[in-house]
Amino acid sequence: MVVYECEYMVDSRDIDPWYHCRPSGLMGMLQEAATQAACALHVSRDEMLERYNSFWMLARLWYRLDVPLSWGDTVHIRTWHRGGRGASTYRDFDLFVNGQPVGEAVSTWVLADAATHRLARMSRITEFQDTDGGPLCKERTLSRVRLPETMEHADSRAMHYSDTDVNGHVNNVRYVDFLCDALHMERLGPSRFVSSLQVGYLAECVAGETIELYTGQAGGLWYVHGADQAGKSRFDGAVELAELTP
């Protein structure tokens with residue numbers, strides 16, 4: 001069993017007008033924790049390219065918070081993988097502030113061949129043998145977000161250099177900002193927060209492209225769908241809001 005632990009402080013770069021950590025701020029912490037855990041396991045981006053000519057891609061991520069993270073909070077993250085099956089692996093997270101549990105997260109990662117971008121089989125990755133989280137592994141699985149039948153156009157979003165990452169694609173964290181902007185989170189107010197969020201990455205975006213954003217609501221959830229101007233789906237997301245208790 002291999003468990004990786006790290007800490008991040010919510011600072012001024014992460015917060016919204018109500019001193020709460022934006023969803024993209026938490027997403028950045030989870031992504032960095034996963035990156036550091038991969039380095040500790042010797043399956044970092046560079047090592048995977050050198051050893052297997054493959055690289056990691058985040059397919060889906062879900063998180064849940066009991067309370068919002070706030071400016072100055074030190075977030076302790078504990079993370080582990082569930083082992084490799086087929087072409088994907090799950091990575092789980094537990095979140096703590098001041099020693100108390102405040103939330104959890106689940107992510108799905110796939111391994112893509114650097115030359116063809118075809119998915120690679122996880123069974124050949126020896127570093128994933130007997131290094132999972134054992135009894136800590138969560139049971140939650142992530143399916144594609146099911147969008148409501150009625151969605152309305154909310155915005156058009158151009159992709160730029162500042163959105164991109166080391167792979168030359170739009171960074172996973174930026175999609176969460178697009179999602180929140182499409183839902184006009186600036187109208188949220190201080191008494192509500194994003195208590196859960198799921199985002200699914202369907203196709204890569206690059207600088208120079210423009211995506212169309214559509215929003216809808218059903219069953220107490222808010223949904224966002226991103227597609228290019230030809231109608232090809234790029235990402236889906238679902239958000240649940242909760243009231244702060246006094």
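Me: How do β8 and β9 pair, and over how many bridges?
Reply: This is a predicted model. In it, strand β8 (residues 210-218) pairs with β9 in the antiparallel sense, over 8 bridges. Ile 211 stands opposite Asp 228 in β9.

Me: What sits in the turn between β8 and β9?
Reply: The two strands form a hairpin with 2 residues between them. Gly 219 is in that turn, with a positive phi of about 60°.

Me: Zoom out. What is the strand order in the sheet?
Reply: The order is β1-β3-β4-β5-β2-β7-β10-β9-β8-β6. That is an open sheet of 10 strands with antiparallel pairing.

Me: Which strands stand at the edges?
Reply: β1 (4-9) and β6 (152-158) do. Each has a single partner strand, so one side of each has no neighbour in the sheet.

Me: Helices now. Which strands does α1 lie across?
Reply: Helix α1 (residues 23-40) lies across β1, β2 (54-65), β3, β4, β5 (100-113) and β7 (192-201). Its direction is at about 145° to β1. Helix α2 (residues 45-52) also packs on the sheet, where it touches β2 and β5. The angle between α2 and β2 is about 140°.

Me: Cysteines next. How many disulfides?
Reply: The count is 0. For Cys 6, the nearest cysteine sulfur belongs to Cys 39, 11 Å away. Cys 6 is buried, with a relative accessible area of 9%.

Me: Is Cys 137 buried or partly exposed?
Reply: Cys 137 counts as partly exposed, at 24% relative accessibility. Cys 137 is in no disulfide either; its nearest cysteine sulfur is that of Cys 6, 17 Å away.

Me: How many aromatic pairs turn up?
Reply: The whole structure holds 5. One of them is Trp 56 with Phe 128, whose ring centres lie 5.6 Å apart. Their planes are at 40°, so that pair is tilted. Trp 56 is in β2 and Phe 128 in the loop between β5 and β6, 72 residues apart. Both are buried.

Me: Why is Tyr 175 with Tyr 201 edge-to-face?
Reply: Their planes are at 80°, and edge-to-face means over 60 degrees. The ring centres are 5.2 Å apart. Tyr 175 lies in helix α3 (residues 172-182) and Tyr 201 in β7, so the pair ties together parts 26 residues apart in sequence. Tyr 175 and Tyr 201 are both buried.

Me: Last one. What does UniProt place at residues 159-215?
Reply: An unreviewed UniProt entry gives "domain: Acyl-ACP thioesterase-like C-terminal" there. In the model, that span is 19% helix and 28% strand. Its end C-alpha atoms lie 19 Å apart.

Methods. Residues numbered from 1 in each chain as written. Predicted model: local features only at pLDDT ≥ 70, side-chain atom pairs only at ≥ 80, totals over all residues. Heavy atoms only, no water. Pairing = 2+ DSSP bridges. Helix = DSSP H or I, 4+ residues; strand = E, 2+ residues; numbered from the N terminus. Contact = heavy atoms within 4.5 Å. Axes fitted to C-alpha atoms, helices over the stretch in contact; angles between N-to-C directions. UniProt positions renumbered as here; feature names shortened; annotations may be inferred. Disulfide = S-S within 2.5 Å. Buried < 20%, exposed > 50% of the residue type's maximum accessible area, 1.4 Å probe, protein only. Phe/Tyr/Trp six-rings, centres within 6.5 Å; stacked < 30°, edge-to-face > 60°.
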